[in-house]
Amino acid sequence: MEKCDKRGQIDMFRVFILLAELGVGVIFYAMVSCLIEIRKGWWRRLLLLVSCWLLVYMVIFMGDPDNFPPTLLFFLIGVWNACRGSRLKRLTVGVMLASVMFALNALFDNCVWYFLHNVTEEYGVYYFGYRALAVILLYMGVRHYRPGRDFELSPPLWRLLLMLCVPPMGIMCALILLYQDRRMNILRINIDYIPMSTVLLLVVVVSFVGNLWVMLTLNRQQLLERENALAQHNRKYYEAMEQQQFEIRRIRHDLANHLQVLLSLPAEEKDSYIRKMIENPALEKVLSYSGDATVNAVLTAKESVMRQRGIAFYAKVDIPKELPFEKPDLCALFANALDNAIEACAALDSDGKRIDLCARAAKGILSVEVRNPFAGQLAGGLPETTKQDSVNHGYGLRSIQEIARKYGGDMEIRQEEGLFCLFCYVPEAGCDQLRSV
């Protein structure tokens, strides 16, 4: 009976350890999700979870080539299949995480344990505790300093970061695969080899910290460049709209001169002159959609484009007075939202080309909703582009989101019943906060 009880206790202990190891694997899985977005699908996530667990608890001996290559390959395959992002991003993040985890494992299995084996026989406890502590500390650091799982760098920057990740992985390959005394028994490793190995493994860990810092710096720099580009784009758009309004005022001011010219022209030239004046975009009537002149100018210009492309435009605008937002931001918000809808409708062959705009300013919040037919699919939160320039895909939507968040609001997009729906809200109180800053 006592033997059965002991055996049962051992089995229960093994089950507990297995569950605890799976828990540590989940923590490493969560750390991966801090750096890169994980795709939907249970088999993808299960594959990544198993690869994370295998990477965390794989024993890494110097001079033992059996564990290192297959574990590295399996983890990279898990990241490649289960994560979103460009190929360079998935490869770089996978190499970064694999190198630091291999270094921490090798540090314990070859250096720390060499001195512990004469002190205690509780190898399993120290083995689990070390792995768990290492993963938890890594997770806390990455979670605190993460750049965001949906961030994306340009291909040249990803290549630069991947090149920075190659030396640490090269050190691991040299220590594990090129060690001459290839023995499975850790107790027979030459003690003179341990100090150098410890230093090199710590260099790999420090390199991970440095590469993570480089990733954060590059991400911040790219965000600043993108914000500046969006601001310039919005300002140019507004300046073009202002120029059009100036042309309207100028032509109206010179209307008397045009009439005098008409009186002096021969009859056969009058029709041509009148036709040129009518075709001038500046003479188009500015429709009064709201109490804000900028909104009226944008909607008038976009209504003309829709009319030329055979797109029905239905606008329900409840903006009784001038809005307090910066004019370039207000212009870009409405213009980009409608441009996105026009592009989607232009790709349709059917007669159901229609854009519905609902804008309202009430209780200190401007809300804008645009609906249009959409036959494609959302890819990474954005509609699939019909433009040849796929690198700048989603530029207008990012501009809307940046403007909304600038004032403390936000944007969301969704697909429902064959329609693409864009909704954003912008609090007017955000203007006061910007002025105070």
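Which residue lies over the face of Y314? R354 does, at 4.0 Å from the ring centre. The model is predicted. It has a largest nonpolar core of 63 residues and a second, separate core of 41 residues. The structure also holds 16 salt bridges, and a search of the whole of it finds five aromatic pairs.

**Nonpolar cores**
- The largest contribution is that of α4, which gives 14 residues.
- In soluble globular proteins, nonpolar side chains tend to be buried together.

**M172 and S99**
- Not counting residues up to four places away in sequence, M172 touches F68, S99, F102, A103, A106, L201 and V204.
- S99 belongs to helix α4 and has a relative accessible area of 4%, so it is buried.
- Leaving aside neighbours within four places in sequence, S99 is in contact with P168, M169, M172 and V204.

**Aromatic rings and charges**
- One of the aromatic pairs is F325 with Y407: the ring centres are 5.1 Å apart and the planes stand at 75°, so the pair is edge-to-face.
- F325 is in the loop between β1 (312–318) and α11 (327–346), and Y407 is in the loop between α12 (395–406) and β6 (410–416), so this pair ties together parts that are 82 residues apart in sequence.
- F325 and Y407 are both buried.
- The ring of W80 has the charged end of R90 over it, 4.4 Å from the ring centre.

**Salt bridges**
- R354, the residue over Y314, also forms a salt bridge with D356, with the closest N and O atoms 2.9 Å apart.
- R354 is partly exposed at 36% relative accessible area, and D356 is partly exposed at 25%.
- K406 and D329 meet through their side chains in a salt bridge of 2.8 Å, N to O.
- Because K406 lies in helix α12 and D329 in helix α11, that bridge ties together parts that are 77 residues apart in sequence.
- K406 is partly exposed, with 35% relative accessibility, whereas D329 is buried at 7%.
- K327 forms a salt bridge with E322, where the closest N and O atoms are 2.7 Å apart; E322 is partly exposed, at 42% relative accessible area.
- A network of salt bridges links E369, R371, E412, R414 and E416.

How values were computed
Residues are numbered from 1 along each chain as its sequence is written. This is a predicted model: local features need pLDDT of at least 70, side-chain atom pairs count only at pLDDT 80 or more; totals for chains, interfaces and linings use all residues. Side-chain values use heavy atoms; hydrogens and water are left out. A nonpolar core is a set of buried Ala, Val, Leu, Ile, Met, Phe, Trp, Tyr and Cys residues joined through side-chain atoms within 4.5 Å. Buried means under 20% relative accessible area, exposed over 50%, partly exposed in between (1.4 Å probe, protein chains only). Helices (H or I, at least four residues) and strands (E, at least two) are DSSP runs, numbered from the N terminus. Contact means heavy atoms within 4.5 Å. Rings of Phe, Tyr and Trp (its six-membered ring) pair if their centres lie within 6.5 Å; planes under 30 degrees apart count as stacked, over 60 as edge-to-face and the rest as tilted. A charge sits over a ring if NZ of Lys or CZ of Arg is within 6 Å of the ring centre and within 35 degrees of the ring normal. A salt bridge is a side-chain nitrogen of Lys or Arg within 4 Å of a carboxyl oxygen of Asp or Glu.
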